Amino acid sequence: MLIVGEELCQQLVGRRDAFDAVEAVFGAMARGDAYNFPVIREAIGYADALYGFKSGFDRAGQVLGLKSGGYWPGNMDKGLTNHQSTVFLFDPDTGKLAALVGGNYLTAVRTAASSAVSIAHLARKDSKVLGMVGAGHQSAFQLRAAAEQRDFEKVVAWNPHPEMLPRLGEVANEIGLEFEAISQEQLGAQADVIITITSAFEPLLMKDWIKPGTHLACMGTDTKGKQEVDAALVASATVFTDEIAQSISLGEAQHAVVDGTLNEERIIPIGAVINGDHPGRTSADEVTLFDGTGVGLQDLAVASVAARLAEEGGHAQRAVL
């Protein structure tokens, strides 16, 4: 089997690679050519950690495997990223373990690719102001990927821990964008595109704060009980998602579904837009919302790219079980 470590993944897999892989697998899911298996995600009762498994099979891409890992909130104090994971890829013809791939960097880059895909397909073409809610480890990945989808001129941001915002401001300035730290309500009033990337369990943005025509990519809610935006905002928007089953059970849509203001039939797979089966945004004033729950097939898609590039370049280690 191949062994592709974290450092090698960072060297080999760029934002374009991740975007293309995620876009393709979303399209395959919508066509019925790829499907995710049920997610296992549990609080382990130790270190405040959440741990679990995401897995699936992409028949079109011939990718089978799982990602094992989770979220350790105390890791930053230890000099580690809070999200820790490893991807296992298997030969779909034999079931043999084919590759072991580091998942930390790939989780960040595939999550950013997911929101970037939604911006590319759903945000207004004339979007100029990018709003960022959250300034943790993944926010820089999100900002860089989003900035490549529209001709943004400015980034406005809010974070529950404001001392973390200057680091995000440095990223914005590095790619030539003006940066301003503002309140949540001001952010909603100014931003044409908003990315939420937090681990919140309560709404950080309210419906009345969002201006017409905004596109939101809600990327932090991936567990039952988590919430980043007002349920009324979700219910009033045109909602797209990576996978409907996860959206209604553990994604941002879960709360609007529970209170009865949003039903499953109104949620649209982003893959349908990618494949040309749904028009996506239909007016300049429409508020669109992408519920990015994070599916296992995203991880497998980018991990398979890492494994392929490592093998083609002769960079990967090999081990025999």
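**View 1. Helix 11 and the second largest pocket.** Helix 11 contributes the most residues to the lining of the second largest pocket, namely four. Helices (H or I, at least four residues) and strands (E, at least two) are DSSP runs, numbered from the N terminus. The model is predicted: local features need pLDDT of at least 70, side-chain atom pairs count only at pLDDT 80 or more, and totals for chains, interfaces and linings use all residues. Residues are numbered from 1 along each chain as its sequence is written, and side-chain values use heavy atoms, with hydrogens and water left out. The volume of the second largest pocket is about 480 Å³. Among its 23 lining residues, Leu 89, Phe 90, Asp 91, Ala 98 and Ala 99 are the closest to the centre. A pocket is an open set of points on a 1 Å grid over the protein atoms alone, where a 1.4 Å probe fits, with protein on both sides within 12 Å along at least five of seven lines; lining residues have an atom within 4 Å of a point.

**View 2. The largest pocket.** This pocket has a volume of about 860 Å³. It is lined by 45 residues, of which Tyr 71, His 83, Gln 138, Thr 198 and Ser 199 are the closest to its centre. Strand 5 gives the most to this lining, with four residues.

**View 3. Tyr 51 in strand 4.** Tyr 51 belongs to strand 4, which spans residues 50-58. Tyr 51 counts as partly exposed because its relative accessibility is 30%; this class lies between buried (under 20% relative accessible area) and exposed (over 50%), with a 1.4 Å probe and protein chains only.

Technical notes
Points joined across faces, edges and corners; volume = space filled by probe spheres on them.
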